[in-house]
Amino acid sequence: MYAMQYAFPLPAGYDMPGLRDRIGLAMHSLDDRAGLGLKAYLFRERGAGGSPVDEYACFYLWNDTASMADFLVTGSGRFQNIIRFFGRPAVDHWTGIATVAGPARGTAPKAASRRLTVVPPAIAADETGLDLAARIEHEVAELRALASRDAVHTAALGLDPRDWRLVRFVLWQDTVPADEDATERYEVLHMSAPGLADLPEG
């Protein structure tokens, strides 16, 4: 499993209803995309849920990295349409650590949360690296506990080994709970999930 995300912060006064309409016309295009676990079409509006920005973003979980590469570099996945409209975005990506299905897996999620955390550097000169394994094990245990909540659709954890950042991405049935530890909270406009059942558990 491999995770990726790109986002487009939008200027003040941007035609947000118009953008929602344009997204609505295109958001089913990946409903049957081979190699894709899920794609969440995400929206944040300034002031809603504490968001400081207006933003359109997409978060992906891929089962097949060859399909992900094909999506990014060829015209077969409509990514070129995004580039034509918004410009080429920076694409964050993470090696998948774990995905867990929640009790709300059978529903269409309406909200999502993302939490980014930096893994602290080793501080001992003779560090073996086992502290990283212990940290990941702890994060996976937290992910499983979180995914047991009734409102969770899917929870995923990934690691960017370039900057040593962890991402925790959670899809929620209705809203992100107020007590959820999140750096971003999103509205989910649509989720394409052709390979949802193939995402590795645990």
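The side chain of Ser 192 reaches the backbone oxygen of Met 27 at 3.4 Å, where a polar contact is a pair of N or O atoms within 3.5 Å, of which, within protein, one must be able to donate a hydrogen and the other to accept it, residues adjacent in sequence counting only if both atoms are side-chain atoms. This is a predicted model, in which local features need pLDDT of at least 70 and side-chain atom pairs count only at pLDDT 80 or more, while totals for chains, interfaces and linings use all residues. Residues are numbered from 1 along each chain as its sequence is written, and side-chain values use heavy atoms, with hydrogens and water left out.

Ser 192 lies in strand β8 (residues 184-192); strands (E, at least two residues) and helices (H or I, at least four) are DSSP runs, numbered from the N terminus. Ser 192 is buried, with a relative accessible area of 0%, given that buried means under 20% relative accessible area, exposed over 50% and partly exposed in between (1.4 Å probe, protein chains only). Leaving aside neighbours within four places in sequence, the residues in contact with Ser 192 include Met 27, Asp 31, Lys 39 and Tyr 41, contact meaning heavy atoms within 4.5 Å.

Strand β8 belongs to a closed barrel of eight strands, which runs β1-β3-β2-β8-β5-β7-β6-β4 with antiparallel pairing. The twist averages 30° from one strand to the next, angles running from 0 to 180 degrees between N-to-C directions and axes being lines fitted to C-alpha atoms, for helices over the stretch in contact. Two strands pair if DSSP finds at least two bridges between them.

Nine bridges join β3 to the antiparallel strand β1 (residues 2-10), and Tyr 6 has Cys 58 in β3 as its bridge partner. Eight bridges join β3 to strand β2 (residues 36-44), again antiparallel, and Lys 39 stands opposite Tyr 60 in β3.
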